[in-house]
Amino acid sequence: MAWTKWSYMDHWVTETPQGPQPPSFNRAYMDRYIKQLSALGFKGFDTFFFYLPMLEGMYGSVKAFEHFLQDNGFEKITGIFSAYPYATKYTAPHVPETHDRIVADCMATVRAVEGLSVENFIVMPSTTYFQVEPVTDEKIKIMADLWNRVGQMTLEHGMRTTCHFEFWGAIRTREQLDLFFRYTDPRYVYFFCDTAQHTIAGVDPLQMFRDYRDRCTGFHFKDTHTVDEHEAYRTPPDPELMAPNVTRWFYEMGTEGGLVDFPALMREIVASGYDGWLTVEHDKAELGGGSYAEATCVAKWYIDNVLAEAQAEAQLEAGR
Amino acid sequence: MRDTLRWAYALNQWNIRMDVFVRHEDQRRALKTLSALGFDHIELAAGTGRWDNLGRPEVIEINHGSPDGFLAFLRSCSVNGVSSMFWDPGQPVEEEGWAFRSTRNRADHAAIVESAKPFVDFLAAIGAEQLVARPAGSAWMQPPLGRDDIAAIGDVWNSVGKVAAAAGVGLALHYDCLSAVHTADELRRLLDTTDPELVGLALDTAELTIGGIDPVAFYEERHGRVTHVHLKDTRYADTGEEYRMPGAETTMLRGGAGRRIERWFFELGTEGGLVDVKAFVGALRRHGYPGWVVVESDHGGNPAELAMLNSWYLQHELSVARP
Amino acid sequence: MTADRLAQRSETPQRRIKWSYMDHWRSNGPAGPVDQWHSHRTMSSFLKQIKAVGFDAIDTFDFRLWQMYGDYGGPAKYQEMVQDHGLERIVNIFHAADYDLRDYAPHVPETHENILEDFRVTMGHWSSIELDNIIVMPATLYYDMEPVTEDKLKISAELWNRVGEITAGHGVKLTCHHEFFCGIQSEPDIEVFYSYTDPRYVSLFVDTAQHCIASVDPVALYRRHAHRVSGFHFKDTRNVATGDDHRHRPDSEIMAPTTGKWFYEMGTPHGLVDFEAMMTAVRDNDYRGWISVEHDKANKDGGDYSESTAVARWYAVNVLEKIYR
Amino acid sequence: MTDIRWGYALNQWKPQFDDFVRREDHERALKTLSIAGFEGVELTAGTGRWEPLGNPRQLVANFGSLAGFREFLSGCGIAAVPSWFYDPQQRSMEHLTPPYSPLVAADVAGNVTRAEWFAGALAQLGGSVLVVRAAPSAGDAGPLDDAALRRLADCWTAVGRATLAHGVRTALHVDFLSSLRRPGALDRLLGLADPAAVGLAVDTGELTVAGLDPAEVIRRHPDRVWHVQYKDALAIDTDEEYLQPHAEWSVRQRGGSREIPRWFAEPGAHGGLVDFAAVTRALLDIRYAGWVVFESDQSPHPATSALLGGYLLQRELRPMVTAA
């Protein structure tokens with residue numbers, strides 16, 4: 001049986017009279033966007049914490065939006081992504097004095113999805129590298145303590161705090177990742193594997209999953225054509241959009257020049273018995289004339305044709 | 001007939017989403033487009049975060065080293081300077097811990113004056129003339145204005161005006177069709193409660209028209225207080241209560257509900273445009289309007305195309321010669 | 001933009017170079033991209049934008065003739081609309097014929113009569129307006145002409161001499177524009193071709209990008225043939241043709257496996273054409289008249305015609321006109 | 001149980017002559033259709049080297065052979081090319097032949113030759129229907145008297161018999177500019193043509209814009225409906241602007257006096273006028289067995305239109321058919 005628990009991470013742009021805009025432009029565009037994802041067979045929907053108020057505005061409540069998802073073949077909202085990519089004097093995970101404010105913000109987000117059965121509370125464990133460096137063991141410990149606190153709080157509300165590591169974040173090399181997970185309590189802090197971000201940072205996502213299988217609660221399946229060899233990760237003012245020699249980091253699965261071995265990862269997932277959600281994410285897919293709609297079709301085609309085959313092979317091997 | 005009008009263009013037209021118009025080469029292409037069209041000054045718009053790198057003084061500094069470094073960046077594209085910067089103190093920003101503030105709330109006034117300072121200092125450093133500010137939050141979010149509300153709003157803007165004047169920067173309050181200061185009388189009362197030496201009016205031809213105020217008539221009436229102009233067109237006027245729809249930023253201005261009009265602002269001379277641009281510019285010339293005229297069209301289909309059509313209108317319909 | 005020259009209708013100081021825009025264009029319509037001929041409104045929007053960035057005139061394709069008759073009442077009437085928008089006129093037309101070995105191949109003598117008749121008819125259609133050049137691709141696609149022998153180059157040259165006589169009779173110069181994927185594109189072949197042509201009837205139209213893609217230095221080529229150059233297409237490229245790019249079947253211009261987008265506007269960081277050297281050569285040869293800017297398929301890979309045209313004009317005003325104007 | 005197979009028309013991806021020419025563009029479009037739930041893709045006849053999917057010669061030039069093209073399709077998850085839309089009034093650069101009119105007897109031979117060329121290739125691509133533009137625009141051809149209808153019938157009978165030899169049926173496509181839109185014209189033409197050789201391609205969008213009800217047309221010709229195109233309509237030509245000369249430009253492209261921005265859109269589009277459930281019920285009633293091809297004509301966002309069409313198919317129409 002092909003894997004059914006596929007969710008889509010809420011990045012999208014569509015044509016409007018005011019130029020290409022996110023579908024939260026208004027309710028009619030949001031409906032059409034959900035229908036397109038439904039036609040591709042996605043069952044889960046992950047979104048950003050800052051979209052929750054917009055969903056309330058358009059559908060009356062986040063719960064009502066989830067009903068609309070369910071009317072369109074989705075199971076539920078599967079994950080909420082909360083992040084502080086840029087350190088300010090109010091919020092910076094490596095600065096203990098800001099931890100109370102961050103925990104309060106996370107509490108507010110958790111309350112906004114109270115009553116739904118959202119599984120993953122996905123977080124960026126750190127801000128941009130250049131605002132944290134030098135990255136010492138001490139700072140990694142401080143960040144670990146923060147997410148232990150947040151993880152305990154979200155678990156009480158049925159959501160697992162799970163860490164998603166950007167290639168330009170402060171925790172990026174294999175040593176830093178291992179240290180961070182040693183400092184964190186496995187009951188409260190989990191691992192969210194982004195295939196492209198780890199590959200760009202020179203870390204093998206497949207090996208990361210093998211080593212942290214028990215703490216892994218989700219994936220971002222997206223591809224990249226480039227490993228960061230020019231220290232883009234630590235160049236101000238912004239590595240993600242303004243890296244001098246790389247105008248686009250992220251691509252959908254199935255494009256020529258992709259570096260991530262998705263079939264191998266799929267076989268590893270099946271063999272490991274993992275039964276959680278797998279999430280497709282496209283970020284800035286419109287660069288160079290691309291389109292989110294087409295990129296998502298090509299990715300889902302790859303899932304239903306290439307990954308389904310890898311899954312079948314793995315299931316045969318495992319004698320399931 | 002002497003004509004001293006100075007023309008600038010609003011750069012926000014290119015900044016349509018969070019993750020676009022961030023790379024310097026994209027910004028250079030926009031600046032060169034404007035320069036090729038005869039505009040040698042631009043208006044900036046406040047924003048937040050590392051990707052809004054023309055919207056916060058501290059982020060501009062990280063990108064260009066210093067105010068002078070930023071000016072050098074503009075001049076590399078033959079744009080000579082910045083005329084003004086638009087700022088809405090009621091818009092929560094990351095750099096202020098996402099604090100929500102209202103000019104009606106006296107308890108917020110000190111923080112509002114404080115939050116204006118980085119902008120005033122930056123504008124002074126780059127030789128820009130006006131800080132263009134939204135006087136009050138959206139009407140649908142709060143009860144109608146009472147007398148002491150307008151007094152409170154006037155007070156905070158006098159304070160900000162004082163800070164700006166001390167740095168040699170002007171302050172102009174920008175009317176918009178969703179703001180709580182909505183009717184012509186409310187706008188008059190706000191002008192009357194503010195010190196003409198410290199606070200001017202930024203008259204936006206499209207916003208006034210949508211709000212049901214004739215921009216030519218209002219300019220004739222209060223031309224002494226108009227220190228800044230936004231020149232753009234619109235094809236629609238509020239039927240009367242649309243600005244009170246909940247979430248009007250989306251339900252009205254992005255066609256989410258009601259008449260489902262998904263675009264209100266247009267380039268000058270657009271078909272079915274309601275603004276009598278020629279009459280308005282004629283009035284500016286008659287009264288020797290001293291300030292900047294910032295041309296814009298807000299977000300439409302293709303930013304470069306809209307700028308080119310605006311420039312054509314200036315050259316052909318308003319006889320403004322390209323340098 | 002200073003307004004104090006409001007009443008001043010003065011002719012700008014006599015410029016030796018004027019700029020024309022070769023009319024490739026797209027804009028976003030409700031049903032997807034449309035060209036400027038879609039409606040009077042899209043045409044007016046196009047002409048406004050060309051005028052706004054400071055072009056003096058336009059060039060066009062001669063297959064637009066039927067739309068001119070259908071929608072505007074013919075070339076003269078259409079030119080009036082161009083002039084109503086503040087542009088001077090239509091300067092050049094590009095004769096984009098369907099080259100075919102069976103009936104339209106400059107190196108195949110049996111097809112010459114058909115080609116000559118085509119030009120007699122074409123020049124008649126355009127006699128209602130004054131044109132400087134009729135621009136042609138001087139050969140079929142490369143793979144239809146190969147192997148390229150001296151004999152074929154000679155036959156082609158003789159054909160264009162005769163066509164040049166016909167167009168000269170209408171006061172219009174016949175001028176050759178060498179695509180990198182046409183039969184006459186390498187440096188030696190170009191030299192042999194022009195050695196057989198009559199300078200009175202056959203001119204050279206230098207397309208900076210096409211020559212650069214074909215590994216021919218456009219500046220050196222221009223300096224060698226300056227006396228018989230009747231115009232330019234200023235456009236840039238970021239790639240040089242390699243391997244079989246120039247003879248890829250069935251098409252090189254869009255379908256070359258190595259390169260999805262050959263052409264870019266001048267003034268972008270990665271361009272290969274040295275426009276400053278080209279402008280210096282134009283100055284040194286005291287060339288006077290028109291330079292055409294062309295953007296071909298600028299909307300590929302997320303590009304857009306409006307912005308590309310503005311950026312190119314910026315480059316012309318701020319860099320090239322500092323050298324010569 | 002009726003055997004309906006679902007396809008999508010590829011013409012939606014080619015707004016201008018220099019669009020949709022590269023191989024990777026085709027691959028991404030075909031994968032989009034496959035994943036959206038469509039198993040077949042309808043081609044539209046085109047000529048010249050920037051129409052790589054336009055005719056048999058260009059397919060061979062680009063894929064080595066028709067089998068090579070079929071391999072490319074199956075590599076993208078597309079099973080077959082069910083049909084090819086062919087307008088004889090388009091010249092052929094491959095054959096250096098001019099436009100042909102179905103109303104001109106002297107053009108029949110050339111028309112048959114070209115139709116066989118497409119039909120032969122279509123058979124090798126797993127296709128079964130050559131969809132032909134039945135008559136020129138009313139504004140250019142004027143009213144069709146009986147003699148004209150007989151000339152049309154003879155032309156399409158000849159073409160239909162020729163394509164049958166390749167196992168391919170010829171179906172007449174009526175668009176909203178067609179002179180066959182006039183009351184009774186289509187019925188009389190179908191009556192005059194050989195019922196074994198000439199059928200009907202029902203295009204829901206075109207008929208609706210022409211003020212006709214597609215479900216009613218289907219029920220009126222139960223055994224002559226050999227092909228169906230699902231396309232939504234956003235406006236109706238109430239002022240009969242189809243009678244103007246060059247209506248292809250002034251009305252279809254530019255929207256006529258009301259400047260309609262889009263006449264057509266993907267099935268189920270916001271503001272769409274076609275009742276696709278009713279049309280599907282009519283097909284079930286006549287026990288239609290064949291292809292239904294979705295299309296939206298030109299769309300500002302082809303992938304979005306394909307997905308919204310796929311949504312309607314998966315959620316409403318396919319369940320209706322499988323339940324029948």
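Visitor: In β6(A), what is the bridge partner of Ser82(A)?
Guide: Val123(A) is the partner of Ser82(A). Keep in mind that this is a predicted model.

Visitor: How do β5(A) and β6 pair, and over how many bridges?
Guide: They run in the parallel sense, with four bridges. Strand β6 of chain A covers residues 120–123.

Visitor: And β4 with β5(A), in which sense?
Guide: Parallel again for β4 (residues 44–48) of chain A and β5(A), this time over five bridges.

Visitor: What stands opposite Thr47(A)?
Guide: Ile80(A), which sits in β5(A).

Visitor: How many residues of strand β5 in chain A are buried?
Guide: Seven of the seven, residues 76–82. The strand is therefore largely enclosed by the rest of the structure.

Visitor: Where do side chains point in a regular strand?
Guide: They alternate between the two faces of the sheet.

Visitor: Switching to Phe50(A). Where does it lie?
Guide: Phe50(A) is in the loop between β4 and α2 of chain A. That helix spans 52–59.

Visitor: Why does Phe50(A) count as partly exposed?
Guide: Because its relative accessibility is 34%. Buried would need under 20%, exposed over 50%.

Visitor: How far is Phe50(A) from Gln311(A), in sequence and in space?
Guide: The two are 261 residues apart in sequence. C-alpha to C-alpha, the gap is 35 Å.

Visitor: Now the assembly. Which chains share the most contacts?
Guide: Chains B and C, out of five pairs of chains in contact.

Visitor: What about chain B and chain D, how far apart are their closest C-alpha atoms?
Guide: Those atoms lie 12 Å apart, and no contact joins the two chains.

Visitor: On to chain D. How many helices and strands?
Guide: Chain D has 12 helices and 10 strands.

Visitor: What is the radius of gyration of chain D?
Guide: 18 Å. A compact globule of 324 residues would have one near 20 Å, so the value for chain D agrees.

Visitor: What does the C-alpha trace of chain D span along its principal axes?
Guide: About 50 × 40 × 40 Å.

Visitor: What share of chain D counts as buried?
Guide: 63% of its 324 residues. The accessible surface of chain D is about 11,200 Å², and carbon and sulfur atoms supply 53% of that.

Visitor: Which contacts in chain D come from residues 24 or more positions apart?
Guide: They make up 81% of the contacts with a separation of 6 or more.

Visitor: Last one, charges. How far apart are the mean positions in chain D?
Guide: 3 Å, taking 31 positive and 39 negative charges.

Note on methods. Residues numbered from 1 in each chain as written. Chains lettered and ligands numbered in written order. Predicted model: local features only at pLDDT ≥ 70, side-chain atom pairs only at ≥ 80, totals over all residues. Heavy atoms only, no water. Helix = DSSP H or I, 4+ residues; strand = E, 2+ residues; numbered from the N terminus. Rg over C-alpha atoms; globule rule 2.2 N^0.38 Å. Buried < 20%, exposed > 50% of the residue type's maximum accessible area, 1.4 Å probe, protein only. Contact = heavy atoms within 4.5 Å. Areas by Shrake-Rupley, 256 points an atom, 1.4 Å probe, with all protein chains shown as cover. Lys, Arg positive; Asp, Glu negative; His and termini not counted. Charge placed at Lys NZ, Arg CZ, Asp CG, Glu CD. Pairing = 2+ DSSP bridges.
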